[in-house]
Amino acid sequence: MSLDQQFNDAAEKVKSFTKRPTDQELLDLYALFKQATVGDNTTAKPGMFDLKGKAKWQAWSDKQGTGQDAAKEAYVKLVEELSAKYM
């Protein structure tokens, strides 16, 4: 199976979790997904009152420089680890 197919399957698997992952796990999933699909974060940092937006922006920015294929591999691996806990 190709990396893109594994990545798409993992993205679908996340939607079927029966329990909610922790906030940090959700941020890690978000950051890896964005890095894998968009690449480096070039968006403006959210305002100081947008706490959720800032956390997501920072998590994505922390993945800066990670290649899209490497981010896809890390995302697939993380989803496999989390699926044991949340499915």
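Is Lys-72 buried or exposed? Lys-72 counts as buried, at 13% relative accessibility. The cut-offs are under 20% relative accessible area for buried, over 50% for exposed, and partly exposed in between (1.4 Å probe, protein chains only).

1. Basis. This is a predicted model, in which local features need pLDDT of at least 70, side-chain atom pairs count only at pLDDT 80 or more, and totals for chains, interfaces and linings use all residues. Residues are numbered from 1 along each chain as its sequence is written, and side-chain values use heavy atoms, with hydrogens and water left out.

2. Salt bridges. The term means a side-chain nitrogen of Lys or Arg within 4 Å of a carboxyl oxygen of Asp or Glu. The count is five. Three of them follow.

3. Lys-72 and Asp-4. These residues form a salt bridge, with the closest N and O atoms 2.4 Å apart. The pair links distant parts of the chain: Lys-72 sits in helix H4 (residues 68-86) and Asp-4 in helix H1 (residues 3-14), 68 residues apart. Helices are DSSP runs (H or I, at least four residues), numbered from the N terminus. Asp-4 is partly exposed, at 42% relative accessibility.

4. Lys-85 and Glu-25. Here the closest N and O atoms of the salt bridge are 2.7 Å apart. Lys-85 belongs to helix H4 and Glu-25 to helix H2 (residues 23-37), so the bridge ties together parts 60 residues apart in sequence. Glu-25 is buried, at 12%. Lys-85 is partly exposed, at 48%.

5. Glu-12 and Lys-15. Their side chains meet in a salt bridge at 3.2 Å, N to O. Glu-12 is partly exposed, with a relative accessible area of 48%. Lys-15 is exposed, at 65%.

Terms used: Helix = DSSP H or I, 4+ residues; strand = E, 2+ residues; numbered from the N terminus.
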